[in-house]
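Subject: Handover of a structure and the findings on it

Dear colleague,

Please find below the structure that I am handing over to you.

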Amino acid sequence: MADTERSALIVGVGAIAGLGAAYGRRFAKAGYRVTLAGRTLEKVEAAAEDICRAGGQAQAIIGDASVEEDAVRFATEAEKWGPIDVAVHNAGTNRRDSFLDLEVANLEQLWREHTLGAFLTGREAARRMVPRGRGTIIFTGASGSLRGKALFAAFASAKAGVRALSQSLAREVGPKGVHVAHLIIDGGIDGARLLAAMPNLREERGQDGLLDPDAIAETAFQVHGQHRSAWTQEVDLRPWAEAF
């Protein structure tokens, strides 16, 4: 089946200068029909239009990946463009709180955005891929997937949950032909969200001191293309100058 007859679902798309949009651009460049899902209409539509201007095929769909009905709708709409060959979960925000002051509602919010959303995206993708015996499901991880840091209990616990989900799903559906991979982004991303909060960070870190979203997306594309005799379940990415 040609790539133009397959689709890619990218969940968690914001600004054009962000990782979700970069994932979409890379798979569209390879000929996939791309469904971009996110919560902000203007941002998701702008990312889809950017892909279409470059000659790709993309559609925007609005909703919340942590809401079951929306997660099902994302996958259903993507399938209308062709069998989902790759699904990426990239949704979720971050926050800083003292453990002593962290409210239950805020802890739960990040769990829903990251862990529950990843579960629903992975489940809906797997339900469609397993009967066909092929496909790739990719989850975006973070430094917090591996270690908890002071003031980041909510984020780290949610991201650790995503990592555990990816491992469980990989062990269940890998033998059925579906590749599940977890990308640990161990460093700051040179995108709209981080630079809006820390506008001088790019200059402070120096050349290639932040992760390029398109470079991350390229790695995701390479993981998707791996031969099943040598699949990656987890890969960690960081700038060359990042301490780890």
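In which loop is D64 found? D64 lies in the loop between β3 and α3; such labels number the helices (H or I, at least four residues) and strands (E, at least two), which are DSSP runs, from the N terminus. Please note that this is a predicted model, in which local features need pLDDT of at least 70 and side-chain atom pairs count only at pLDDT 80 or more, while totals for chains, interfaces and linings use all residues. Residues are numbered from 1 along each chain as its sequence is written, and side-chain values use heavy atoms, with hydrogens and water left out.

At 24% relative accessibility, D64 counts as partly exposed. Here buried means under 20% relative accessible area and exposed means over 50%, with partly exposed in between (1.4 Å probe, protein chains only). Apart from its neighbours within four places in sequence, D64 is in contact (heavy atoms within 4.5 Å) with R39, D70, A71 and F74. The C-alpha atoms of D64 and L169 are separated by 22 Å, and these residues are 105 apart along the chain.

The sheet

An open sheet is formed by 7 strands in the order β3-β2-β1-β4-β5-β6-β7, and their pairing is parallel. Two strands pair if DSSP finds at least two bridges between them. At the edges stand β3 (57-62) and β7 (234-237), each of which pairs on one side only. From one strand to the next, the twist averages 15 degrees.

Strand β1 (residues 7-11) runs parallel to strand β4 (residues 84-89), and 5 bridges join them. In this pair, S7 stands opposite I84 in β4. Helix α1 packs on the sheet, where it touches β1, β2 (33-38), β4, β5 (136-142) and β6 (179-185), and its direction makes about 175 degrees with that of β1. Helix α3 (residues 68-79) also packs on the sheet, touching β1, β2, β3 and β4, and its direction makes about 155 degrees with that of β3. For these angles, axes are lines fitted to C-alpha atoms (for helices, over the stretch in contact), and angles run from 0 to 180 degrees between N-to-C directions.

Strands β4 and β5 pair in the parallel sense over 4 bridges, and V88 stands opposite I138 in β5. Strand β5 is mostly covered, as 7 of its 7 residues are buried. From β5, T136, I138, T140 and A142 point one way, whereas I137, F139 and G141 point the other way.

The helices around α1

How do α1 and α8 meet? The axes of helix α1 (residues 19-29) and helix α8 (residues 213-224) come within 8 Å and cross at roughly 50 degrees. That makes α1 oblique to α8; angles under 35 degrees count as roughly parallel, over 145 as roughly antiparallel, 65 to 115 as roughly perpendicular and the rest as oblique. This crossing of α1 and α8 is right-handed, a term used if the near helix is turned clockwise from the far one by less than a right angle. Among the residues that make the contact are L19, A22 and Y23 of α1 and P213, D214 and I216 of α8. The residues of this contact of α1 with α8 divide into 9 nonpolar, 1 polar and 4 charged. Ala, Val, Leu, Ile, Met, Phe, Trp, Tyr, Cys and Pro count as nonpolar, Asp, Glu, Lys and Arg as charged, and the others, Gly among them, as polar.

R26, in helix α1, is buried, with a relative accessible area of 17%. Not counting residues up to four places away in sequence, R26 touches A217, E218 and F221.

The axes of α1 and helix α2 (residues 41-53) come within 10 Å and cross at roughly 25 degrees. The two helices α1 and α2 are therefore roughly parallel to each other. In this contact, A21, G24, R25 and A28 in α1 meet A47, D50 and I51 in α2.

Two loop residues

Most residues other than glycine have a negative phi. L151, however, has a positive phi, near 80 degrees. This residue, L151, lies in the loop between β5 and α5 (153-173), and L151 counts as partly exposed at 37% relative accessibility. Phi of D208 is also positive, near 60 degrees. D208 has its place in the loop between α7 (201-205) and α8, and at 53% relative accessibility D208 counts as exposed.

Yours sincerely
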